[in-house]
Amino acid sequence: MHKDPLALLPEILLLLGAVAALLAGSFLPRRRQWAARAGAAAALAASLAAAVFSAPGEDRTVYAGTYALDGATDAVRVIVPAAALTVLALASGRVRGDRRETEFCVLVLLGSLGTVLLAGASDLLLLAVAYLLASIPLYALAGWGRDARGAEAALKLYLLGVLLGITMLLGTAVLYGLGGATDYAALADGLPGAPGAALAVGTVALLAGPLFKAGAVPVHFWVPDAASGATVPAAAFLTTVPKIGALVALYRVLTVLPEQALEWRMLLAVLAVATMTLGNLAAFAQTDPLRLLGYSTISQAGYLLMAVAVAGRAEALRSLLLYLAAYAVTNLGAFAVAAALPGSRTLEAYRGLGRRRPLLAAALTVCLLGLVGTPPTAVFMGKLTVFSATWDGGMAWLTAVAAVNTVASLFYYLRWIAPALSISRPGPPPQDAGAPGGGGERKGERAATVEPERWAAGTAVAAASATLVLGAGAGWVLGFLSDTLVR
């Protein structure tokens, strides 16, 4: 057994940061809870630095082959802390001075740790434990605001998460019985001779957990409710960070399964089509920007599943990792705009934003067009590489369907951009503006006439700038990403 604690330094720093923040918050008065938040940010920054420092090391597994240290894990170790730091930044105005400020930071750290473990797990038992660690903090995070909408979102997330967690454990038991082991290396040798029907049941049950974390069809029901019911910072984390670990975990698991006995590629392709199509169609009629972003994240999961459908083929993993990084910064940028203007709970409430808040309107435009996949944003490069890998992987039809969905998605993003960039002066607030339950919203607010929250607004501008920089430097980033997995 390979015991090397320093190999897990980024994960250990996340855990120590969560424990330190929890202990500090237990003794600090409310007016000094910012110290726990600063400690959590320091732990995330330290984890990010440790991940960058350890990335050039050799690919290997540790702890009896249960945890993989390879290019995929290295990338997730960088993306997840960076995304979590962005969430803490956009949440500063909302959580500052709240009696549960420390709780928010601890939950973000623990959720980030579970996400990283999901991506690196090379054993079914560790995958199940990582699923729990990546899920349980999120149940509390969804209801962190302690209001009716947040409680409803947390309950839906909890019930569906528990059900699919049990389903995932059932799949783990079935695959263990068929392959005679739980580590991926042994399963790759033991599963080819397994009965096809039992293998199919075990695989579908196992995939239920990661698909739930990714927000993919048919286990996507929680996403729009969590996006609109939780506080905006919590919604940003829930709809962004778990996807990163879940999709890498899916990719890693599927490379173990024998293609001869199970047509898992076609299954993932069908799920990708259903996810992107349903997410886009459901977003068309949304008037709440947060629900629109919720359905948008579902459609993005569909595009990301394309890379998983061609797992093991040339460039598939690198394209997935680039897309995940691009999606994370762009989606968080869009949520940061919503966090800067929490009382604007309809698309019409953003009318005239460009006149009074041009930087914020520009950030919103860049992030929403980025989610479409408009050049020169990072998501454009992510989609381009994923579409190319899917085409080269023999699924040209899937690429064509995704291209049609991409064009269709432009409609609902423009429904938000158009009023924001309108030159007309904002009129009276609509009757339904500022629906309660989003966390500190004031009814009847117009985005153009309200002073935005500084930290969230700054985060939005920074994220929009980052998506442009990442898009311009995508070729350089791809050169650092690895297309190999170890088990």
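Beyond residues up to four places away in sequence, Thr73 touches Tyr67, Ala68, Ala119, Gly120 and Arg252; contact here means heavy atoms within 4.5 Å. The model is predicted: local features need pLDDT of at least 70, side-chain atom pairs count only at pLDDT 80 or more, and totals for chains, interfaces and linings use all residues. Residues are numbered from 1 along each chain as its sequence is written, and side-chain values use heavy atoms, with hydrogens and water left out.

Thr73 is part of helix α3 (residues 71-95). Helices are DSSP runs of H or I with at least four residues, numbered from the N terminus. The relative accessible area of Thr73 is 0%, so the residue is buried. Buried means under 20% relative accessible area, with a 1.4 Å probe and protein chains only; exposed means over 50%, and partly exposed lies in between. The side chains of Thr73 and Arg252 form a polar contact of 3.2 Å. A polar contact is a pair of N or O atoms within 3.5 Å; within protein, one must be able to donate a hydrogen and the other to accept it, and residues adjacent in sequence count only if both atoms are side-chain atoms.

The largest nonpolar core holds 160 residues. Those with the most contacts inside it are Phe104, Leu127, Leu247, Leu305, Met306, Tyr350 and Leu368. Helix α13 (residues 316-340) gives the most to this core, with 19 residues. Such a core is a set of buried Ala, Val, Leu, Ile, Met, Phe, Trp, Tyr and Cys residues joined through side-chain atoms within 4.5 Å. Leaving aside neighbours within four places in sequence, Leu305 is in contact with Leu211, Ala216, Leu247, Leu250, Leu268, Leu271, Ala272 and Thr275.

Helix α12 contains Thr297 and Tyr303. Thr297 is buried because its relative accessibility is 0%. Val223 is 74 residues from Thr297 in sequence, yet their C-alpha atoms are 8.0 Å apart. Not counting residues up to four places away, Thr297 touches Val223, Thr239, Lys243, Tyr327 and Asn331. Tyr303 is also buried, at 0% relative accessible area. Its contacts, leaving aside neighbours within four places in sequence, include Lys383, Ala402, Asn405, Thr406 and Ser409. A polar atom of the Tyr303 side chain lies 3.5 Å from the backbone oxygen of Asn405.

Helix α17 (residues 396-420) has 25 residues. At 1.5 Å a residue they should span 36 Å, and the end C-alpha atoms are 37 Å apart, which agrees. The expected span is 1.5 Å times one less than the number of residues. A kink of about 35° is centred on Tyr413; the bend at a residue is the angle between axes fitted to the seven residues ending there and the seven starting there. Buried residues of α17 include Ala402, Asn405, Thr406, Ser409 and Tyr413. Their cover includes α11 (264-283), α12 (289-309), α14 (353-356), α15 (358-372) and α16 (378-392).

Asp123 caps its N-terminal end, with a side-chain oxygen 2.8 Å from the backbone nitrogen of Leu125. Among the buried residues of α5 are Leu127, Tyr131, Pro137 and Tyr139. The buried residues pack against α4 (101-120), α6 (148-179), α7 (184-190), α8 (196-214) and α10 (232-254).

The whole structure has 0 disulfides, defined as cysteine sulfur pairs within 2.5 Å. Cys105 is buried, at 0% relative accessibility. Cys367 is buried, with a relative accessible area of 0%.

Notes:
Helix = DSSP H or I, 4+ residues; strand = E, 2+ residues; numbered from the N terminus.
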